[in-house]
Every structure is written in structure tokens, then in C-alpha cells.
Amino acid sequence: QVQLVESGGGLAQPGGSLRLSCAASGFTFSHYAMSWARQTPGKGLEWVAHIYTDGSDTYYEQSLAGRFTISRDNAKNTLYLQMNSLKPEDTGLYYCAKDRSRGTFEYDYWGQGTQVTVSS
């Protein structure tokens, strides 16, 4: 069965960095686009970034572009989110999600989430 397991969250200081990972199994990872989303106290569920199957195309929530970078390693079946210049408002539960196909921006599986807390 499809499994998505996020890791890498934790406590970071404002201005710091974290790298999230999402280990995927149960499907052919390289055949599907993937995304990151987050649940924050102030905004609810918010889409963060999207990457196509081979990593050649990426898309970001406009306010996050330049600080966050989505990437993938198809050989390792792993999705990443590099987060730099973290702000307190980045605090939330971060999820990876599997696209229904190569880039529909519709998602059929979600991980359990990894908590990110940005605080001094």
C-alpha cells in the first residue's frame, strides 16, 4: 500500500534552516508529481510547493519562493523540502502528498506530517 513518511521537522530559530524528507513506498515514485503542504495555526491547510516527476518543473506558493526549495531523488524514492530563513509564521505541521498523476495538483495520498516550530 502507498505510504508517505515525513521526517526532519523540529525546533528552529528564526532565520534558521530545516530540511524535511518524505520517504515514499508502495507506488512507482518516479511516475508521480509530489507536493508539500502545511497546516498552520493562522491559515489552516496551505499548499507549499509542487514538483513534477523528473524534478524539472517546480512551483511554489508565491510568498515562499526564494526561501523554500522542493526537490526529489527518484532513485531513493524520497521527496525533500529545504526551508531557509525560517520565520515564526512557518510554524506548522508539514505534509507530503502524492499527486494523482504526473501533475494534476490533485492528491490521493498524504503522509502523517512532521511538526516544524520556529521560535527563539
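Buried means under 20% relative accessible area, exposed means over 50%, and partly exposed lies in between, as found with a 1.4 Å probe on protein chains only. Helices (H or I, at least four residues) and strands (E, at least two) are DSSP runs numbered from the N terminus. The model is predicted, so local features need pLDDT of at least 70 and side-chain atom pairs count only at pLDDT 80 or more, while totals for chains, interfaces and linings use all residues. Residues are numbered from 1 along each chain as its sequence is written, and side-chain values use heavy atoms, with hydrogens and water left out.

**View 1. Strand β11 and its two partners.** Strand β11 covers residues 114-118; T114, V116 and V118 form its covered face, and Q115 and T117 its uncovered one. Two strands pair if DSSP finds at least two bridges between them. Strand β2 (residues 10-12) runs parallel to β11 and is joined to it by three bridges, with A12 opposite V118. Strand β9 (residues 92-99) pairs with β11 in the antiparallel sense, again over three bridges. Here T114 of β11 is the bridge partner of Y94.

**View 2. An open sheet of four strands.** The order in this sheet is β1-β3-β8-β7, and the pairing is antiparallel. Strands β1 (3-7) and β7 (68-73) stand at the edges with a single partner strand each, so one side of each has no neighbour in the sheet. From one strand to the next the twist averages 15° (axes are lines fitted to C-alpha atoms, for helices over the stretch in contact, and angles run from 0 to 180 degrees between N-to-C directions). Six bridges join strand β3 (residues 18-25) to strand β8 (residues 78-83) in the antiparallel sense.

**View 3. The largest nonpolar core.** A nonpolar core is a set of buried Ala, Val, Leu, Ile, Met, Phe, Trp, Tyr and Cys residues joined through side-chain atoms within 4.5 Å. The largest one has 25 residues, of which W36, F68, L79, L81 and M83 touch the most other members. Strands β3, β4 (34-40), β5, β7, β8, β9 and β11 each supply at least two residues, and β3 gives the most, with four. Leaving aside neighbours within four places in sequence, M83 is in contact (heavy atoms within 4.5 Å) with residues including L20, F68, Y94 and V116.

View 4. Side chains of opposite charge can pair when their charged atoms come close. A salt bridge is a side-chain nitrogen of Lys or Arg within 4 Å of a carboxyl oxygen of Asp or Glu, and by this rule the count comes to six. R38 meets E46 in one of them, at 2.7 Å from N to O, and both residues are buried. The side chains of D90 and R38 meet in another, at 2.9 Å from N to O. D90 lies in the loop between β8 and β9 and R38 in strand β4, so the pair ties together parts 52 residues apart in sequence. The relative accessible area is 0% for D90 and 4% for R38.

**View 5. The salt bridge between D108 and K98.** These side chains meet at 3.1 Å, N to O. D108 belongs to strand β10 (residues 107-110) and K98 to strand β9, so the pair ties together parts that are ten residues apart in sequence. D108 is partly exposed at 28% relative accessible area, whereas K98 is buried at 4%.
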